[in-house]
Amino acid sequence: MDDAEFRELFRLMLVTRRLDEEAIALQRQGVLPAYAPVRGQEAAQVGSAAALDLSRDFAFPTYRELGAAVAMGVDPVAYLAMHLNIWHGGLYDASTSRLSPPNAVVGGPVLHAVGWAMGAQLDGTGGAALTYFGDGASSQGDIHEAMNFAGVYRLPVVFFCQNNGWAISLPTARQVAGGSVAARAAGYGFEGVRVDGNDVTAVFEATRQALDHARSGGGPTIVEAMTYRLGPHSTSDDPSRYRSAEEERARAEHDPITTGMAALTAEDVADAEEHAASVVTRTTEGLRALKTPPGDDMFRFVHREPTAALLAQHRAWKESQDA
């Protein structure tokens, strides 16, 4: 990776950090009902998503993949609209952006990614799926089923685990038997690798190799990015109740933003900060300007071809509104 490429990855990470800070502030102000912070995981998300080929690949996020959305060029207003609680899954076009709607079901996007990968294999598109989950989600039965299915059919999918040290308030040591999510890959008959999740270039390279492997017919890979959630699990969480200030200070020394700044010139950092500030301003103004969508949208976007029962419910709803 040359200097220009690294500067661009840092720029994306910094935009993610500043948007994350603004989202927390908006939640505290009552603009957003809730939000899942991403502080500390910017390198894992930006590095992995930047490795995608958006002409043929597809990513499947959880509710904490702001950095992936930023790296994939998704409008942050459209992405963060889901946190306004007026539109499920955001307002962006998933098919165009190649990023599926964020999934709040723990482990849920992994199943969707495997299904998409099966379709890509059958259709011969040459694309691969990249799916996100955490160390806590790795204990879900859905994930084991998805990995076994992907292993049997050698599907083009990369399972990207952000091991951030905590499954809400439960430490990874008490969550992951054997201590490694990547090591489980052997049981499903495919490859697993661990990478420094705070090193954006290392994450990019590991994910790129895994995606190339998947597209070439080599089958799935688990990429376990070892990182740390520097903030709370959500804006309703208080991490001081389950981890020490000493631990947080020690892990903050490996903050990917701080590390990235140290590798750049002051001018590069200033340019990145100026760009991030402009993105934050535009995003905040855009979010505050969004209006609640029409109530009948709940009927219009359920089925491609509405059922008789749904149409009847829609008519009853309209009558109640007119009464």
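Which helix does Thr281 lie in? Thr281 sits in helix H12, where a helix is a DSSP run of H or I with at least four residues, a strand is a run of E with at least two, and numbering goes from the N terminus. The model here is a predicted one, so local features need pLDDT of at least 70 and side-chain atom pairs count only at pLDDT 80 or more, while totals for chains, interfaces and linings use all residues. Residues are numbered from 1 along each chain as its sequence is written, and side-chain values use heavy atoms, with hydrogens and water left out.

Thr281 has a relative accessible area of 43%, which makes this residue partly exposed; buried means under 20%, exposed means over 50%, and partly exposed is in between (1.4 Å probe, protein chains only).

Now for the charged pairs. Side chains of opposite charge can pair when their charged atoms come close. Here a salt bridge is counted when a side-chain nitrogen of Lys or Arg is within 4 Å of a carboxyl oxygen of Asp or Glu. The structure holds 16 of these.

One of them joins Glu42 to Arg17, with 2.6 Å between the closest N and O atoms. This pair ties together distant parts of the chain: Glu42 belongs to helix H2 (residues 42-49) and Arg17 to helix H1 (residues 3-28), 25 residues apart. Glu42 counts as buried because its relative accessibility is 0%, and Arg17 is buried too, at 3%.

Glu21 and Arg18 meet in a salt bridge at 3.1 Å, N to O. They are three residues apart in helix H1, so about one helical turn separates them. Glu21 is partly exposed at 32% relative accessibility, and Arg18 is partly exposed as well, with a relative accessible area of 21%.

Asp75 forms a salt bridge with Arg282, and their closest N and O atoms are 3.3 Å apart. Again distant parts of the chain are linked: Asp75 is in the loop between helix H3 (66-71) and helix H4 (76-80), whereas Arg282 is in helix H12 (residues 266-289), 207 residues apart. Asp75 counts as partly exposed at 35%, and so does Arg282 at 43%.

Salt bridges can also join up into a group: Asp57, Glu205, Arg208, Asp212 and Arg215 are linked in a network of them.
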